[in-house]
Amino acid sequence: MKRRSDGEDSKKPKPSAYSKALGLLARREHSRRELKLKLRQGGYEGEEAGAALDRLGEQHYQDDDRFAEMLVRSRVGQGYGPMRVRAELKSHGLADARIREVLDAAEVDWTAVAAAQLRRRYGAAATSDHEERARRAQFLLRRGFPAATVRSVTHADVDDTADGDS
């Protein structure tokens, strides 16, 4: 492969904000907030980026609801709990009411997901060791499961104050 040292690479025109965002969406779903940030980092400013995002939304290429549903499916499949998923959706700019709707519509058995994560990480053997139960409980809490779920799966004493607004 021949490298160009005479600056010919820099003569390629910069794609429009719409083209750049469409290219990003071709790879995977993005939230509107995420696309806006990536466009800003790419040197696209306010009006052009906003118009591109509006056009993508009108054409249904970018949809925060579809993004949220995809993210919930993905994170549940990876074994994350509802608090972690909620925080990630919030970081993408989704409203609390919409986050609740998406999580409710997913109809996830969070206890089963937590139990599966425990089996995957620690095997099927139960433990009567207090420290080991606490270690397993902390693992699930870090993955975003509420204290009540963690308690029911690990039978460990877990403080409810770690739940926040679950």
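In helix H9, which spans residues 147-154, the buried residues are Ala147, Thr149, Val150, Val153 and Thr154; buried means under 20% relative accessible area, with exposed over 50% and partly exposed in between, for a 1.4 Å probe and protein chains only. Helices are DSSP runs of H or I with at least four residues, numbered from the N terminus. The model is predicted, so that local features need pLDDT of at least 70 and side-chain atom pairs count only at pLDDT 80 or more, whereas totals for chains, interfaces and linings use all residues. Residues are numbered from 1 along each chain as its sequence is written, and side-chain values use heavy atoms, with hydrogens and water left out.

Just after H9, His155 takes a positive phi of about 60 degrees.

The axes of H7 and H9 are 10 Å apart, and the two helices pack at an angle of about 55 degrees. Axes are lines fitted to C-alpha atoms, for helices over the stretch in contact, and angles run from 0 to 180 degrees between N-to-C directions. H7 and H9 are therefore oblique to each other; angles under 35 degrees count as roughly parallel, over 145 as roughly antiparallel, 65 to 115 as roughly perpendicular and the rest as oblique. From H7, Trp110, Thr111, Ala114, Ala115 and Leu118 meet Thr149, Ser152, Val153 and Thr154 of H9. The residues of this contact comprise five nonpolar, four polar and no charged. Nonpolar covers Ala, Val, Leu, Ile, Met, Phe, Trp, Tyr, Cys and Pro, charged covers Asp, Glu, Lys and Arg, and the others, Gly among them, are polar.

Helix H7 (residues 110-122) also packs with helix H8 (residues 130-142), their axes coming within 10 Å and crossing at roughly 120 degrees. This angle makes H7 oblique to H8. Ala114, Gln117, Leu118, Arg121 and Tyr122 of H7 meet Glu132, Arg135, Arg136, Phe139 and Leu140 of H8. In this contact of H7 with H8, five residues are nonpolar, one is polar and four are charged.

Gln117 lies in H7 and counts as buried, because its relative accessibility is 6%. Leaving aside residues up to four places away in sequence, Gln117 touches Gln78, Gly79, Phe139, Leu140 and Arg143.

Methods:
Contact = heavy atoms within 4.5 Å.
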